[in-house]
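I opened this notebook to record what I looked up, element by element.

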Number of protein chains: 2
Amino acid sequence: MTQAQSSRSWIESANDAATHFPLQNLPYGVFSHGSQAPRVGVAIGDRIVDLSVLDEAGLLPAATRGTFAAPVLNRFIALGRPVWRETRQRLAELLAADTPTLRDDAALRERALVPMAGARLHLPVEIPGYTDFYSSKEHATNVGRMFRDPDNALLPNWLEIPIGYNGRASSVVVSGTPIRRPNGQIKLPNEARPIFGACRKLDYELEMGFIVGKDSALGVPVRVDQADDYLFGMVLLNDWSARDIQQWEYVPLGPFNAKTFGTSISPWVVTMEALEPFRRDNPEQSPEPLPYLRQSARNAYDIELEVALRPQDAERAEPISRTNFRAMYWTMAQQLAHHTVSGCNVRVGDLMGSGTISGTTPDSYGSLLELTRNGNEPLKLAGGVERGFLQDGDEVVMRGWCQGDGYRIGFGEVSGEVLPAPKIEG
Amino acid sequence: MTQAQSSRSWIESANDAATHFPLQNLPYGVFSHGSQAPRVGVAIGDRIVDLSVLDEAGLLPAATRGTFAAPVLNRFIALGRPVWRETRQRLAELLAADTPTLRDDAALRERALVPMAGARLHLPVEIPGYTDFYSSKEHATNVGRMFRDPDNALLPNWLEIPIGYNGRASSVVVSGTPIRRPNGQIKLPNEARPIFGACRKLDYELEMGFIVGKDSALGVPVRVDQADDYLFGMVLLNDWSARDIQQWEYVPLGPFNAKTFGTSISPWVVTMEALEPFRRDNPEQSPEPLPYLRQSARNAYDIELEVALRPQDAERAEPISRTNFRAMYWTMAQQLAHHTVSGCNVRVGDLMGSGTISGTTPDSYGSLLELTRNGNEPLKLAGGVERGFLQDGDEVVMRGWCQGDGYRIGFGEVSGEVLPAPKIEG
């Protein structure tokens with residue numbers, strides 16, 4: 001059997017070169033349709049495979065029994081890497097063009113396959129902890145140039161530490177959830193005291209996140225070369241940011257209200273196994289990191305990323321930035337090793353954001369802050385529309401995919417529309 | 001019936017003026033003994049009342065049915081303030097000196113009362129999110145003086161914002177859990193690059209924390225005057241801190257590895273109802289806060305606090321600091337209002353730390369950093385022992401109580417012993 005044949009599915013839409021969800025992908029998510037309770041599914045072409053139905057039919061590995069009739073992926077993820085692998089193999093086999101089991105069983109197929117168009121997608125994991133890193137050298141440099149010292153834009157610790165901070169897990173939402181513009185304290189340059197009001201510099205940040213697949217013990221660091229056991233999969237992530245609130249609040253304990261009002265992730269968790277063909281050489285790091293951060297595996301991933309903006313009243317989202325995840329300076333394995341080197345434990349379902357992903361050219365920046373130089377050079381969009389920062393009604397759409405030979409391993413998209421700030425006396 | 005009579009229990013140890021757990025307290029916790037599964041209990045004198053047993057016996061409010069045979073308090077807390085009040089009243093009645101129901105039922109009493117000395121105490125709540133504030137003006141000033149500008153120690157945002165940051169919930173542990181000294185990056189003044197190794201400036205921070213009792217909706221701020229519905233109770237909190245790691249990592253995104261290796265809380269959650277007699281006038285705030293932070297209720301609490309240190313090989317812990325929670329500049333109601341004003345949601349079980357509680361005099365500082373001026377003026381302890389920062393084997397014990405007329409509403413203690421750092425190549 002040729003590679004091409006073995007990667008064809010009897011679900012025709014999965015064989016389209018443009019689909020994000022071919023047989024080689026098989027990302028996990030949580031969905032519901034009609035009045036059904038949310039359950040675990042796998043995206044393939046324009047369909048979702050209801051794994052709780054396949055489980056009931058006895059078609060999945062015994063170890064996964066009962067874990068898919070659940071509103072989150074956590075129980076499945078906690079089964080560990082050998083089970084992830086076995087389940088993926090089984091699903092690939094069941095959905096392959098020449099496997100009749102499901103293909104030729106009309107009644108079972110009817111129950112197990114759900115059109116994606118009619119399904120509701122939910123937050124795929126319960127997130128016990130959310131950490132956000134800051135691992136793009138270009139982004140850190142751009143920000144430092146604007147807000148700190150243009151001549152020493154990169155802080156001295158940045159090349160030594162995969163800088164990260166604790167995020168707020170409660171406000172992580174799934175793609176499609178509208179985001180309410182936050183109110184907060186804003187310090188205007190000519191005023192002695194801050195004013196209170198709606199954020200005037202609302203921004204997105206293009207990021208990716210990884211989902212932790214294994215608990216670690218408190219006090220026991222995870223070594224950089226153990227990372228593969230701890231990385232279940234990846235999502236797109238929009239780290240909505242209120243720049244004016246952030247600038248006033250962030251010294252000395254870091255961003256808080258500027259980031260806690262909402263973080264959006266894409267609904268499909270693409271497994272590290274599906275991304276395996278897109279591993280690339282690590283970025284060059286100079287100076288060579290301290291020993292606990294040195295990696296021998298290839299931990300960079302070639303993932304194309306795109307941000308599009310649909311201004312209020314516009315019909316479609318217009319691409320405004322394009323970059324690649326491969327550009328990140330610190331890898332996920334290094335982030336995890338650093339996170340736990342103090343003894344801090346991680347848990348199944350933890351979300352770890354990459355930090356804003358910016359490339360070297362202005363059209364590859366991952367935030368409006370960088371694209372418009374803090375609002376000073378507004379983007380010019382179709383129909384004479386200009387944007388320094390986001391306006392109410394604007395929608396941000398991020399997409400990501402790995403480009404294979406004739407197929408894509410896609411992440412789908414993460415989108416969110418901006419709602420007006422609530423009116424409160426401040 | 002006089003006040004004194006109505007506050008006596010048939011459990012004699014609860015009537016001792018020195019106990020932390022008289023009939024007026026009734027704090028909730030989670031315990032186990034023997035091979036039993038963890039369940040919810042209430043501390044009274046030197047006993048724990050097993051609420052799952054009282055529930056089975058039909059002695060508790062119907063709304064609480066089934067919530068106490070659980071390893072965490074979250075389900076009970078989620079029932080809301082009217083149920084907290086009803087349950088507290090029912091328990092106070094059952095344990096009052098003149099109520100025969102439990103007092104005279106030997107078989108039931110035998111099953112429901114557990115000696116605290118033989119019980120194991122567990123983390124009382126599942127903590128979906130942990131936020132740490134920075135609300136002592138004296139502490140913020142002391143730290144600013146040492147690490148930033150001695151002449152402008154308080155940053156300009158401090159008097160406007162109840163500054164806080166997201167903490168790491170996974171590593172919150174219950175009192176008695178040993179704390180492993182973290183390894184991490186340390187930047188020595190004369191070296192071009194950081195070294196890797198065990199923290200040399202390990203410290204505690206004396207804090208209190210409150211436990212959130214009600215979910216709020218994403219996008220909907222909790223007003224300062226709604227706080228009472230959202231505050232379930234309080235605990236003692238030790239925010240262990242690695243000062244050398246912190247100093248190198250914290251700019252610009254705040255403390256991370258310096259704090260994520262462990263945070264200890266006391267096992268008994270003292271309810272806001274029990275603390276009601278100890279409400280005090282709010283601290284004077286100048287400038288007057290922005291309207292969303294203005295409070296009409298009395299939101300300060302008179303809670304005596306003490307830190308004791310048992311150096312390795314010493315027999316007992318020696319008091320090294322004494323202060324009062326009332327000294328805090330920002331109140332819990334203001335912290336909650338600020339946390340949610342951006343639209344960030346809170347969840348039942350969220351833990352919110354006060355920040356280090358320091359008074360105005362050197363013997364009232366809440367950390368070794370302040371007590372020893374960054375290790376430069378070591379504490380002199382019994383037997384000629386000196387301490388700049390914590391050494392392996394040292395145990396830190398924090399205690400807290402409200403002093404009533406002839407009784408105490410106590411928090412018990414939060415303690416932890418320092419274990420050596422793991423040996424890892426760094």
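The entries below follow the order in which I looked things up.

**Ground rules.** I am working with a predicted model, in which local features need pLDDT of at least 70 and side-chain atom pairs count only at pLDDT 80 or more, whereas totals for chains, interfaces and linings use all residues. Residues are numbered from 1 along each chain as its sequence is written, chains are lettered from A and ligands numbered from 1 in the order in which they are written, and side-chain values use heavy atoms, with hydrogens and water left out.

**Aromatic pairs.** I searched the whole structure and found 22 aromatic pairs over all chains; rings of Phe, Tyr and Trp (its six-membered ring) pair if their centres lie within 6.5 Å, with planes under 30 degrees apart counted as stacked, over 60 as edge-to-face and the rest as tilted. A:Tyr292 is buried at a relative accessible area of 7%, and B:Phe196 counts as buried at 16%, where buried means under 20% relative accessible area, exposed over 50% and partly exposed in between (1.4 Å probe, protein chains only).

Within chain B I noted a tilted pair of B:Tyr28 and B:Phe232, at 5.9 Å centre to centre and 40° between the planes. This pair links distant parts of the chain, with B:Tyr28 in strand 1 (residues 28-32) and B:Phe232 in strand 14 (residues 231-238) of chain B, 204 residues apart, and both residues are buried. In chain A, ring pairs join A:Tyr28, A:Phe68, A:Phe76, A:Trp84 and A:Phe232 into a cluster.

**A:Val269.** I placed A:Val269 in the loop between strand 16 (263-265) and strand 17 (270-271) of chain A, and its relative accessibility of 0% makes it buried. Leaving out residues up to four places away in sequence, its contacts (heavy atoms within 4.5 Å) include A:Tyr28 and A:Phe232. Its C-alpha atom is separated by 9.9 Å from that of A:Asn25, 244 residues apart along the chain.

**B:Ser354.** Where does B:Ser354 lie? I found it in the loop between strand 22 (351-353) and helix 12 (368-371) of chain B, buried at 3% relative accessibility. Among the residues that B:Ser354 touches, not counting those up to four places away in sequence, are B:Asp132, B:Tyr134, B:Glu207 and B:Gln335.

**Strand 2 of chain A.** Strand 2 pairs with strand 1 (residues 28-32) of chain A in the antiparallel sense over four bridges, pairing being called if DSSP finds at least two bridges between two strands, and A:Val30 stands opposite A:Val40. These two strands form a hairpin with six residues between them, in whose turn A:Gly34 has a positive phi of about 60°.
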